[in-house]
Amino acid sequence: MVTPQKGHYASKVRVISLVVALIGLVACPAASAGGRYPSQVSAVAAIDVVGSGKLAWRSVAVRAKPSLTAPVLKQIKQFRPDFRPSVVLAVGRLDHAKTGEPMWYRITVPGRPNGRTGWIPAASVKVKPVDRWLVIYRGARKFELYVKDRVVRSGKVAIGARGMETPTGLFYVQSKFDPSWEVLGAYAFETSGYSKLSDWPGGGVVGVHGTNTPDLIGEAVSHGCVRLFNKDIQFLRGVVPVGTPIKIVAA
């Protein structure tokens, strides 16, 4: 009688061990994927970029095609007029057929018209992956900050008034600064997008900034910029670096 009881006990142990092992197999893929979280990003909020980075050359010609003989769309200097490094957002790349190393990056071109892209030599820029981005929903008049595919902050915004609508498209943070103009609120981001008003400061650069009129948040009242509550822009100040993508959608 003793031997069968031992055998029954051993059998139960094997079954339990098998169940634990199966649970482990189910749980492991998330860990083996480098700690990445399952995507919770909707199609409208998703972005597809290679990364962003600072220019390494004194001046870089942005070309219409990945060729040194292609027409030049724009010349970008290594440093901005305020002496801060110029940063670009790469949305594509062309690799060497044999080595697989990047030879060209396709970047978004700051300036009018919005939405242009062009090519720069890979050696001219130090591109690093990005793990966060801002989404501005014009229709819903709200923003979301995604970090590793998860929303970590959201809030209401004010957008451009009729005739001065905030442009839609994929842009990025070109610069960050403490504004001296009180209408910009507690803090401000300069984006690569441009509004319809060319006579606006900076030639019509679209900003994402705070406000001194919080009662207007949620309205369409700006000249194309995106206004946030000061508490929100102060939060973003610490977690949104230069080069962060900004997707503005009509939804």
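**Salt bridges and nonpolar cores**

In this predicted model, Asp131 is partly exposed, with a relative accessible area of 30%, and its side chain forms a salt bridge with Arg132, in which the closest N and O atoms are 2.8 Å apart. Salt bridges that share partners also join Arg80, Asp82, Arg84 and Glu190 into one network. Across the whole structure, a search finds 9 salt bridges.

Turning to the nonpolar residues, the largest core comprises 19 residues, and those with the most contacts inside it are Phe189, Leu228 and Leu236. At least two residues of this core are supplied by each of the strands β8 (132–137), β9 (142–147), β10 (150–160), β11 (169–177), β15 (226–228) and β16 (245–249), and by the helix α3 (230–239). The largest share, 3 residues, comes from β9. Apart from this core lies another, of 16 residues, which includes Val49, Ile76, Val88 and Ala90.

When neighbours within four places in sequence are left aside, Leu228 is in contact with Phe143, Lys156, Val157, Val208, His209, Gly210, Thr211, Ile217, Ile233 and Leu236.

Methods:
Residues numbered from 1 in each chain as written. Predicted model: local features only at pLDDT ≥ 70, side-chain atom pairs only at ≥ 80, totals over all residues. Heavy atoms only, no water. Core = buried A, V, L, I, M, F, W, Y, C linked by side-chain atoms within 4.5 Å. Buried < 20%, exposed > 50% of the residue type's maximum accessible area, 1.4 Å probe, protein only. Helix = DSSP H or I, 4+ residues; strand = E, 2+ residues; numbered from the N terminus. Contact = heavy atoms within 4.5 Å. Salt bridge = Lys/Arg side-chain N within 4 Å of Asp/Glu carboxyl O.
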